[in-house]
Amino acid sequence: MAKVASTQIVDRREASPASWILMVVAVAVATVLAVSLPRLIQPAGWMSGEKFLYLALIAYLGASALYIASLAVRPRFTSSGLAGAAALARGGFLVHTTGVAVRWAAAGHAPFSNIYEMVLMFSWGVVALQLLAEWKMRVKYFGAITLPVAALALVLMQVLPGEIRPLVPALQSTWLQIHVTLAIFSYAGFTLSFAAALLYFLKDGTSPRTFLNWAAGLVTGIYGVIVLAAVDRGVNLLLPAWDLATSQKIMLGPKQPLMVPVSGLGWPVVIALALAGLALASNVASTLGRRPGPVGIWAASFFRAALFAQATSVVLLVLKGNSGPYVVPEIGKDVVVRLASSPFLLSGLVTALFISLAWEVLNWKHDAIVEYLPQRETLDNLIYKTVAISFPLLTLMIIAGAYWANRTWGSYWSWDPKEDWALITWLTYAGYLHMRQTRGWRGRRAAYMAIIGFAIVMFTFFGVTYLLPGLHAYA
Amino acid sequence: MGTDHGFLNRLLRFFSSLKCGLILLGLTGTAVIVGTIILQRPMAREGEIEQVYAPQTIRLLDALGLLDVFHAWWFIVLLGLLGANVILASLDRFPQAWRYFSRPHREAEEWFVRKLPIVREIPLGALEPSEALARARDRLTQLGYRPHAPTLQKGTLYIEKHRIARLAPYVVHLSLLVIFGGAIVDGMWGYRGFISLGPGMRSRQLESMSTNTAPRVLPFTLRCDAAGMEKYPDGSPRQYWTRLAVEENGREVLHKQISVNDPLTYKGVRFFQASYGPSGEPSKLVIAAAWRDGSHSPVTVADGTSSSAWFFSKLPQMNFPADPGIRFRLVNVEMGYLSGLQVAKQPGKYLIWGGCLTLVGGLILAFYMVHVRVWGVIGRNAKGKPVLVLGGHPSKFRESFQERFKHLADAIEETLRGPAKGEREAERFTA
């Protein structure tokens, strides 16, 4: 019954969505190009490595699109599409490596000392392991997920403070290099297992309708948090005020930045939330109703409309996020806003956009994708293998960090938030590895565990740095 | 087991189960999450907790131990249960793994080989069985897989790699227990503290890091000879250093210049450069005194006499006319600097780092090495022709093993396809 319903939905929208997606992707790529091209033409920036990163970002975005496309339109396009995607990924990786090397040479120390450099290296590690997996394990299809993650990391980097600073005393240690290298490779390895787990769910027969529940839920959640936290009564988006002199947020008190209402940005966010909420509600109703009625079609239409509202929000945010001056009566002077002050906002919006596009692709070519993907057991084994390779690295990373802390502060474990979350990550994957010993817990439950584990890895990586600061103040 | 042991038995079986382990992992993880969300007393600033939470909330959180999760009794109990689960589960499963390891199943019958997850039949062609086995042995030895000779004598080709990987889980779990043990030793017999020293100062008193423990006295005296910092051109700190000496019974026994990441160790107590900053007191004052009437004869200080005077460096007109006729002027003030040293004694550290080393070794055994076994026996195929039945079994990662197995089987097939050489090979095999 459910199967019939999903094919009907696919059949009805055979023709139109393809052009819609192409348009949205084209708009997104054009935006990125428009933002990055003027900076690319200027001569400055090659020596600090930034320009190479723009080029790598463009290559990764192209590779992402090709990977997803070759997964979706199998017979005509697959082999040439995959070859093109792999070539773009390799080219981007070379440019990315050059960028890292240039920055290393310019700074005089390995790029491991702050969150900007960590994200730079994480993205590099993800692509490195993706290429390694392609070569060693002969998996072609991971790129459809890992390359977007790498590209997202590079987008996020554009708003992080990237200037080169000298190393503070505590960071001048070989153990830092060991600790951070291990962290990057283990996190990148868990990204591969996350990719395998997502593909497992696709193969496992997640219908576009079930996926829409998750996607609409996530988008509603992200936009809900944004509206609750950052949209005021006049439907303006509140962005933190930026001090150009110090390149920092202007703080009124501890954990209390000065917020500037930016008009015209609130409405698309609220509309996107409303549409995503409607899509979620009607899709849940249609899933519960178990009858292929018009409600399911409405859900898809709402969600597609929400996709456009999201695209508008992102484009407007990129355009208006770097603006000013704004008059703020509280401090009696004009301030500006910078995208750099809202990495979470931007990454939240981009993640929501990516999930929505993924649904669009799935809705369009669900059956082809499912047919093309390898067997469930193979994917389950790939999740296990990538976790099994990354887990010892994670353990070594924690040990190297403890050893380094002990040489620096005389204590190997301080229950600092970053340490705690590394421990939580470790416990989660230890749980996964034990679960898999029992045959009945393989497959779906194990795949859920891999996805939860990756979410925890990302929180340990970014979330703790911003939300729970402690000893790891530098990154 | 009698019925009165039934409950105890079931309890024991539950505590040694994987399910119990997973539940405990989940509970520990949840507790750690709670510890990062609720403010923790050891990490919070003075008065921060009182500012954030209402008094009755604080009373409730304190009663539940949630304001200091990582030192709460129930958290320690949770870790203890996890340790007990690891011990019980290992005791439960180790004997079987040890049998697997110490008495490997080498000789096989054809039916056993055919039941293995990966099987292939390799035609013998014109070869005698003994010659075929000898050729397969030579080829496998060339490839780095030496067949077990006594088993081959009995007619089974048996190769294996990394049997030790079977013991990996026990190495890992034992290492975790050793690390736990080291942490317990540190908690019972170790201590941590803080000393602030300026140049020329001596101390044997440790300030404690937490409020509820008494200060501690070191069994020797620490002396600071000099301290300072180096800066980058932009003014940010590059390195802090302190020249320290250890004195015992008034005699210097050791001295070292420490810096961040490079501590001094004496009798198991380590001193770390933790901070460096102004002490708030001047270390050097240079004052010029001159006769008020402008005479150039020097002002001398009479021995044994003292008097006090106030003067203000920025506002000389406010200076007290303390001693008639003398004018004081402040030439230079150097503020004193104190070096902040963290002090730690960790008698459990050898257990901890030793445990970490074996833990990593165990994980490498567990995940980067696979116990693979291949058996080969002479049998007959469906048509009744003699074949070498080759079967393989990996302890994990079956898909990558399939490739290795195919590689080995292809190599054997190739070597068996060559023309029969007859007696010489067979002789070498029986010799």
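Okay, let's start with one pair of residues: B:L264 has B:F271 as its bridge partner in β9(B). Keep in mind that what we're looking at is a predicted model.

So where do those two residues sit? β8(B) is linked to strand β9, residues 269-291 of chain B, by three bridges, and the two strands run antiparallel. Together β8(B) and β9(B) make a hairpin, with two residues between them. Have a look at B:K267 in that turn: its phi is positive, about 50 degrees.

Now follow β9(B) to its other partner. Here we get 18 bridges, joining β9(B) to strand β10, residues 326-345 of chain B, and again the pairing is antiparallel. If you want one pair to find on screen, take B:P282, whose bridge partner in β10(B) is B:M335.

Let's zoom out. How many strands form the open sheet in chain B? Eight, and the order across is β7-β6-β5-β4-β3-β10-β9-β8, with antiparallel pairing. At the edges you'll find β7 (251-259) and β8 (264-266) of chain B, each of which pairs on one side only. From one strand to the next, the twist averages 40 degrees.

Elsewhere in that sheet, strand β4, residues 202-208 of chain B, runs antiparallel to strand β5, residues 216-231 of chain B, and four bridges join them. There, B:L206 stands opposite B:R216 in β5(B).

Chain A has 475 residues, and 50% of them count as buried. And among chain A contacts with a separation of 6 or more, 79% are between residues 24 or more positions apart.

Conventions. Residues are numbered from 1 along each chain as its sequence is written. Chains are lettered from A and ligands numbered from 1 in the order in which they are written. This is a predicted model: local features need pLDDT of at least 70, side-chain atom pairs count only at pLDDT 80 or more; totals for chains, interfaces and linings use all residues. Two strands pair if DSSP finds at least two bridges between them. Axes are lines fitted to C-alpha atoms, for helices over the stretch in contact, and angles run from 0 to 180 degrees between N-to-C directions. A residue is buried if 20 or more other C-beta atoms lie within 10 Å of its own, exposed if 12 or fewer, and partly exposed in between; C-beta atoms are placed from the backbone. Two residues are in contact if their C-beta atoms, placed from the backbone, lie within 7 Å.
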